[in-house]
Amino acid sequence: MGANDHHESFPWKHIIGFLLSLVLTFAALWAALSSGLPLKTVIVIIVVFAVIQASLQLFMFMHVTESDSGRIQTFNMAYSFFIAVVVVAGSIWVMQFVL
Amino acid sequence: MKWSEFFVTGEPLIYAADVAIVLTMVGIVFVLTYFKKWKWLWNEWLTTVDHKKIGVMYIICAVLMLFRGGVDALLMRAQLTAPNMKFLDAQHYNEIFTTHGTIMILFMAMPFIIGLMNIVVPLQIGARDVAFPYLNALSFWLFFFGALLFNISFVIGGSPDAGWTAYFPLAGNEFSHGVGNNYYAVALQISGIGTLMTGINFLVTILKMRAPGMTLMRMPMFTWTILITCVLIIFAFPVLTVALALMTFDRIFGTQFFTMANGGMSMLWANLFWIWGHPEVYIVILPSFGIFSEVVSTFAQKRLFGYKAMVGSIVGIAFLSFIVWVHHFFTMGAGPAVNSAFSITTMAIAIPTGVKIFNWLFTIRKGKIRFTTAMLWSLAFIPNFVIGGVTGVMLAMAAADYQYHNSYFLIAHFHYVLIAGTVFACFAGLHYWYPKMFGHILNERLGKWTFWLFMIGFNICFFPMYFLGLMGMTRRMYTYSADLGWTPLNVVATVGAALMGIGFIVLCYNIYYSARYGERDMTGDPWNGRTLEWATASPPVHYNFPVTPVVEDLDAYWVMKKKYGGFQVKEEDLKPIHMPSNSGRPFWMSVAFFVAGFGLVFKWFALAIVGALFIVLGLILRSFEDDDGYYIPVDEIKRMERAARKGA
């Protein structure tokens, strides 16, 4: 409870977050479909946009700064990051032999 | 599409199943109408958000699915008993081993575990419900309709037939026409969403809703294992969600993620499947460890030995479970560096697991053991699971795995860990918590019959398979020639499977018998239990605890009994209790998921869109809903407490 409990007059944070998410998503789509950039550049752009959007959502929608259980939040995010690295880097390493 | 393609035709077994399904449905409708129970069904069950009722529904589904998966198993054993049998043809056999695997893992083991955790966890931590009761109902109904969608495939459209792992390219459009594998992709997706929400729900429940005084290191071991299981669910299931979505796109919309042509990567499916799949096996085994810990400590009448080491080893197992997945496909060709790394991490899992085994043994040591049915399952688990674990370490050696891979040696190994681990735990938990669920005890004499029949049958069925594997018999072959010399061991295995089937029938009879004649549990604490669920009445009143219990140590209820002679409730301490309202929306939203899923399976997109619109409608209605639940007044609590404790 606490900080999340009060109702703002208008949810500006959510609207801005939502619009920025849409912009980032469509920008990624454009980069992939019609930018004409080389494949590697496209992948880098998409990954960068994804990371920005993930952090955006953490602050705009998930109230990451408002919680009183900071240790749990930090641990959660560190562990999520670890799993993401394991899944992505691990898959690339494992599938190297067919790439 | 012609009707003869829509319904599965041409198999006498299927026609018999059609008749059985129609008769059962007519029977259910008749009984509900005759006894005027429709309203009762809707108000008490379909719209409930009570964690105990949701748990009971999970377990009922799990037992039904155990029957379905068990019949699949018996059909396979019948076909393999003698060489060159003509009982099932190759296609039918493929479908049956596929549905057997998928159903047993996702629609039997998972709901059984989730059912027990629904019933027990809020009670063990002294809470009145889960953190998000509405979400909990939605989780259940999504699981239910996902399972239903998967199960109708064998009479409508045809079952999936590419194995429970659904490896590409076999499971893709290039090699699997028909709708069978569409069912796999869509049904697993729907029930998977439900599971993911359960994971979040129980993580929050356990972290936020523990009774005052219950620090993390005072939590009962079962609750600890569920907490860690939730972490596994939350991190593993999204991988399945994504993989299944890609599979759905490939199969239904013609994308090329896992195809052979156009730059698709068929082996990536195996990789993604097992990134989810290996944590998944720990999702079903860790709660089992928790159940055994509770049962062993209760019936050895001792505090659990090495509590902190137990917690540490669960966390260790959970951590390791995410970095071992390649051991499921050592033979795919990733090379020595990859295989060696994953071989070492896999063997490392044996260390925390070994720690746990020794902790159970030391808990039993010098205990005053009561050999109840639940305890028998737990004691049998230890040696049987060790056989499965040791052969697992053998399989973990990448070089040796080239010999064992996809042979019956592997089949024997994972049945020894999954049956001796998870299934034994489900039966132990069922017997142990049955009085808490229904207010009467499952008959012990019949329970022991089930135990001996099933446990002996299990060993007769699966032990020979290790040797069949070493003799060269491979997984998923539907028949074999007589001169291979496999016949005697196959006959033995079939006899064992039949014994397991008889054990299951005795269990079902026991449920009926105990409902009619079973000993009623008036105390709420039939086993002299140690944790808070035994402080409530059996079955508990729907708000669980009239006042929130205060926890002073591990084994909270045991301490209460020793210090205060039980859980003391003073009437002047009662306050109005806040409870969540029932809702029919989780049910009809899940029906909408089912309709949308069915439309996707058959590529009837108009139907899929209609279903999807109702899902969105449900989400919108929920967003604007202003229902904060209701309060039970103190007088009402007093009346209900007296009624529940009558005769205590």
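**Salt-bridge network, chain B.** I began with the charged side chains of this predicted model, and I found Arg303(B), Arg530(B), Asp553(B) and Asp555(B) linked in a network of salt bridges. Within it I looked up the pair Asp555(B) and Arg303(B), for which the closest N and O atoms come out 3.6 Å apart. I placed Asp555(B) in the loop between helix 17 (487-517) and helix 18 (556-564), and Arg303(B) in the loop between helix 9 (266-299) and helix 10 (307-321), so the pair ties together parts of chain B that are 252 residues apart in sequence. The two partners also carry separate burial labels: Asp555(B) is buried, with a relative accessible area of 9%, whereas Arg303(B), at 36%, counts as partly exposed.

**Other salt bridges.** The side chains of Glu552(B) and Lys563(B) meet at 2.5 Å, N to O. Here Glu552(B) sits in the loop between helix 17 and helix 18 while Lys563(B) belongs to helix 18 of chain B, so this bridge ties together parts that are eleven residues apart in sequence. I noted Glu552(B) as partly exposed, with a relative accessible area of 32%, and Lys563(B) as exposed, because its relative accessibility of 52% falls over the 50% cut-off.

The other pair was Asp50(B) with Lys52(B), a salt bridge whose closest N and O atoms are 3.1 Å apart. Asp50(B) counts as buried at 11% relative accessibility, and Lys52(B) is buried too, with a relative accessible area of 10%; both labels follow because buried means under 20%.

**Backbone checks, chain B.** I then went through the peptide geometry, and noted a cis peptide bond joining Phe168(B) and Pro169(B), with omega about 5°; Pro169(B) lies in the loop between helix 6 (133-152) and helix 7 (180-208). A cis bond also runs from Ser538(B) to Pro539(B), with omega near -15°, and I located Pro539(B) in the loop between helix 17 and helix 18 of chain B.

For phi, I recorded Gln301(B), which is not a glycine but has a positive value of about 55°, in the loop between helix 9 and helix 10 of chain B. Arg476(B), likewise not a glycine, has a positive phi of about 65°, and I found it in the loop between helix 16 (444-470) and helix 17. On accessibility, Gln301(B) is partly exposed with a relative accessible area of 27%, and Arg476(B) counts as partly exposed at 27% as well.

I looked up the record next: an unreviewed UniProt entry places the feature "domain: Cytochrome oxidase subunit I profile" at residues 36-552 of chain B. In the model, the end C-alpha atoms of this span lie 48 Å apart, and the span is 68% helix and 0% strand.

**Surface of chain A.** My last entry concerns a nonpolar patch on the surface, with about 1100 Å² of accessible area together, whose members include Trp12(A), Phe18(A), Leu22(A), Phe26(A) and Leu33(A). At 35% relative accessibility, Leu22(A) counts as partly exposed.

Technical notes:
Residues are numbered from 1 along each chain as its sequence is written. Chains are lettered from A and ligands numbered from 1 in the order in which they are written. This is a predicted model: local features need pLDDT of at least 70, side-chain atom pairs count only at pLDDT 80 or more; totals for chains, interfaces and linings use all residues. Side-chain values use heavy atoms; hydrogens and water are left out. Patches are made of residues with over 30% relative accessible area and no salt bridge: like charges are joined within 9 Å, nonpolar side chains (Val, Leu, Ile, Met, Phe, Trp, Tyr) within 5 Å. Accessible areas come from the Shrake-Rupley method with a 1.4 Å probe; for residues, only the protein chains shown count as cover. A salt bridge is a side-chain nitrogen of Lys or Arg within 4 Å of a carboxyl oxygen of Asp or Glu. Buried means under 20% relative accessible area, exposed over 50%, partly exposed in between (1.4 Å probe, protein chains only). UniProt positions are given in the numbering used here, feature names are shortened, and annotations may be inferred rather than shown by experiment. Helices (H or I, at least four residues) and strands (E, at least two) are DSSP runs, numbered from the N terminus.
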